[in-house]
Amino acid sequence: MILAALALVAAALDRPPPPVAGLARVSDGDSFRLGGDRIRLLGLDAPELAQDCTADNGETWPCGRTARDRMAQLLAAGPADCRPEDTDQYSRLLATCSIDGRDLGAIMVTEGLAISAGRYWTEEAAARKARRGIWSGDFDVPRTWRDDHPRPQGIRGWLSALGL
């Protein structure tokens, strides 16, 4: 009897958060706000907002801002439908999201504006082969870039990190 009760409690605690849907506001290339929820897309990692990449001709381009701008375009197409699987250490919902049945993560990775991080391997291989987005030249993997560029502290630090 006690084991059955513990199993029910464990099952209730392991349930993913409920689905969320609605119009969203972009944060960066792999996260956004949907109502009061902060969402982080599962299975990919986009360049950080202040991150630059290098094209094959040697010129740098703002790949982080480009990824954010593309995510903003996608989110402007209509309400997002998100299926959270968990939450992260920042209390963001970790989710797979779509708009009109189109998987946002798959689009970002296919267009070369994010790398696969556990999902979307086929999409990454196609982007790499076609030399789309970040695959057109050289870039730091977003995790490496974050490790090498600690988050600035305070509003002045953030403004300077964004070149403002």
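Predicted model: local features only at pLDDT ≥ 70, side-chain atom pairs only at ≥ 80, totals over all residues.

User: Got it. How many helices and strands are there?

Analyst: The protein has six helices and 12 strands. Both are DSSP runs numbered from the N terminus: helices are H or I with at least four residues, strands are E with at least two.

User: And which strands pair up with β8?

Analyst: Strand β1, residues 20-22, is joined to β8 by three bridges, and the two run antiparallel. Two strands count as paired if DSSP finds at least two bridges between them. Glycine 22 sits opposite alanine 80 in β8. β8 also pairs with β9, again in the antiparallel sense, over six bridges. There, aspartate 81 has serine 98 of β9 as its bridge partner.

User: What's going on in the turn between β8 and β9?

Analyst: That hairpin has five residues between the strands, and serine 91 takes a positive phi near 65°. Arginine 92 is also in the loop between β8 (80-87) and β9 (93-99).

User: Is arginine 92 buried or exposed?

Analyst: Arginine 92 counts as buried because its relative accessible area is 17%. Its side chain makes a polar contact with the side chain of aspartate 88, at 2.7 Å. A polar contact is a pair of N or O atoms within 3.5 Å; within protein, one must be able to donate a hydrogen and the other to accept it, and residues adjacent in sequence count only if both atoms are side-chain atoms.

User: What else does arginine 92 touch?

Analyst: Leaving aside neighbours within four places in sequence, arginine 92 is in contact with Ser31, Arg38, Arg40, Asp86 and Thr87. Contact means heavy atoms within 4.5 Å. Arginine 92 and arginine 33 are 59 residues apart in sequence and 9.3 Å apart in space, C-alpha to C-alpha.

User: New topic: how many disulfides?

Analyst: The count is two, where a disulfide is a pair of cysteine sulfur atoms within 2.5 Å. One joins cysteine 53 to cysteine 63, S to S 2.1 Å. Cysteine 53 lies in strand β6 and cysteine 63 in helix α2 (residues 63-76), so this pair ties together parts that are 10 residues apart in sequence. Cysteine 82 and cysteine 97 form a disulfide too, with their sulfur atoms 2.2 Å apart. That pair links cysteine 82 in strand β8 with cysteine 97 in strand β9, 15 residues apart.

User: Why is the one between cysteine 82 and cysteine 97 right-handed?

Analyst: The torsion about its S-S bond is about 115°, so the disulfide is right-handed. For cysteine 53 and cysteine 63 the torsion is about 75°, so that disulfide is right-handed as well. Cysteine 82 and cysteine 97 are both buried.

User: Which residues touch the most other members in the largest nonpolar core?

Analyst: Of its 35 residues, Phe32, Ile39, Cys82 and Leu104 do. A nonpolar core is a set of buried Ala, Val, Leu, Ile, Met, Phe, Trp, Tyr and Cys residues joined through side-chain atoms within 4.5 Å. Isoleucine 39, leaving aside neighbours within four places in sequence, has contacts including Val20, Phe32, Cys82 and Cys97.

User: Last one: what about aromatic pairs?

Analyst: The structure holds one aromatic pair. Tryptophan 135 and phenylalanine 139 form it edge-to-face, 4.9 Å centre to centre with 90° between the planes. Rings of Phe, Tyr and Trp (its six-membered ring) pair if their centres lie within 6.5 Å; planes under 30 degrees apart count as stacked, over 60 as edge-to-face and the rest as tilted. Tryptophan 135 is buried, with a relative accessible area of 13%, and phenylalanine 139 is buried at 15%.

Notes: Residues numbered from 1 in each chain as written. Heavy atoms only, no water. Buried < 20%, exposed > 50% of the residue type's maximum accessible area, 1.4 Å probe, protein only.
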